[in-house]
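Please open the model in a viewer and keep the selection tool at hand.

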Amino acid sequence: MANCQETLNEMYAYLDAELATERATEIIGHLKVCTDCQSAYEFHAEFKSIIRLKAQKDELSEGFLDRLRECFGDDSLKDA
Ligand SMILES: [Zn+2]
């Protein structure tokens with residue numbers, strides 16, 4: 001089973017559905033038993049869906065998106 005560090009490291013890849021099924025299953029398995037990672041996951045999932053929704057509605061300014069990219073890296077926003 002994945003440990004906390006691995007789970008946190010791969011959370012974004014999991015949210016982007018970029019993990020192999022086997023790996024995703026390990027991450028889910030860990031999330032089920034670890035409340036710490038669970039709350040981190042919920043935070044990231046919610047954050048990502050809010051950003052995506054706002055991006056779809058064109059409510060985000062380019063300056064704000066640039067700051068997000070600086071914080072999280074280009075990859076985290078590529079489909080937002
Ligand atoms: Zn954990």
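A residue is called buried if 20 or more other C-beta atoms lie within 10 Å of its own. By this criterion, 11% of the 80 residues of the protein count as buried. Please bear in mind that this is a predicted model.

Begin with the whole chain in a cartoon view. The protein has four helices and zero strands, and its pattern along the sequence reads α-α-α-α. The C-alpha trace spans about 40 × 25 × 20 Å along the principal axes. Among contacts between residues at least 6 apart in sequence, 59% join residues at least 24 apart.

Next, select residues 4-15, which form helix H1, together with residues 35-56, which form helix H3. Two packed helices are described by the angle between their axes and the distance between the axes. For H1 and H3, the angle is about 20° and the axes are 10 Å apart. H1 is therefore roughly parallel to H3, as angles under 35 degrees count as roughly parallel. The crossing of H1 past H3 is right-handed.

Now display the side chains where these two helices meet. H1 contributes Cys4, Thr7, Leu8, Met11 and Leu15. From H3 come Asp36, Cys37, Ala40, Tyr41, His44, Ala45 and Lys48. Which classes of residue make up the contact of H1 with H3? The contact has eight nonpolar, two polar and two charged residues.

Finally, select residues 62-72, helix H4. How many of its 11 residues are buried? The count is zero, and H4 is hardly covered. Glycine 73 follows H4 and has a positive phi, near 90°.

Conventions
Residues numbered from 1 in each chain as written. Predicted model: local features only at pLDDT ≥ 70, side-chain atom pairs only at ≥ 80, totals over all residues. Axes fitted to C-alpha atoms, helices over the stretch in contact; angles between N-to-C directions. Parallel < 35°, antiparallel > 145°, perpendicular 65-115°, else oblique. Left-handed = near helix turned anticlockwise from the far one by under 90°. Contact = placed C-beta atoms within 7 Å. Nonpolar A, V, L, I, M, F, W, Y, C, P; charged D, E, K, R; others polar. Buried ≥ 20, exposed ≤ 12 C-beta atoms within 10 Å, placed from the backbone.
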